[in-house]
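Biologist: Please take a close look at one part of this model for me. I would like the helix packing, and then the pocket beside it.

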Amino acid sequence: MNVIYNQETDLNLKGNMIGKKGTIALVAALKDLNYQFTNLNLSGNNIDMAGGKVLAEAIKDRHCRFINLNLYCNNIGKEGTIALAAALKNPFGQLIDLNL
């Protein structure tokens, strides 16, 4: 697995093909950790609609610290995109940059 950290604010998992199961595991782990990441790069990870919905729920959480989320080159589809767009309306969310 190719993981890159930068100044403890960036988590780059680009191109690891984590898919839905990996996305679910990542979100669960981040809920349990006191993480400081504000930038998450999940581009090129074969994340599908269900993974997109899991991420949407995560960014609605008031403890989510993500400001930038890169989901470029995944398979999130229409329903995953709609879920992410709805999550952006959440008043607790801090996300300001979403790359699909």
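Modeller: Helix 1 passes helix 2 in a left-handed crossing. Left-handed means that the near helix is turned anticlockwise from the far one by less than a right angle. Helices here are DSSP runs of H or I with at least four residues, numbered from the N terminus. This is a predicted model, where local features need pLDDT of at least 70, side-chain atom pairs count only at pLDDT 80 or more, and totals for chains, interfaces and linings use all residues. Residues are numbered from 1 along each chain as its sequence is written, and side-chain values use heavy atoms, with hydrogens and water left out.

The axes of helix 1 (residues 19-32) and helix 2 (residues 49-60) come within 8 Å and cross at roughly 15°. That makes helix 1 roughly parallel to helix 2 (angles under 35 degrees). Axes are lines fitted to C-alpha atoms over the stretch in contact, and angles run from 0 to 180 degrees between N-to-C directions. Helix 1 makes the contact (heavy atoms within 4.5 Å) through Lys-20, Thr-23, Ile-24 and Val-27. Helix 2 answers with Ala-50, Gly-51, Val-54, Leu-55 and Ala-58. By class, this contact has six nonpolar, two polar and one charged residues. Ala, Val, Leu, Ile, Met, Phe, Trp, Tyr, Cys and Pro count as nonpolar, Asp, Glu, Lys and Arg as charged, and the others, Gly among them, as polar.

Helix 2 also packs with helix 3 (residues 77-88), at an angle of about 5° and with axes 8 Å apart. Helix 2 and helix 3 are therefore roughly parallel. Among the residues that meet are Leu-55, Ala-56 and Ile-59 of helix 2 and Ala-83, Leu-84 and Ala-87 of helix 3. The classes are eight nonpolar, two polar and three charged residues.

The lining of the largest pocket takes two or more residues from helix 1 and helix 2. Helix 1 gives the most, with three residues.

Conventions. Parallel < 35°, antiparallel > 145°, perpendicular 65-115°, else oblique.
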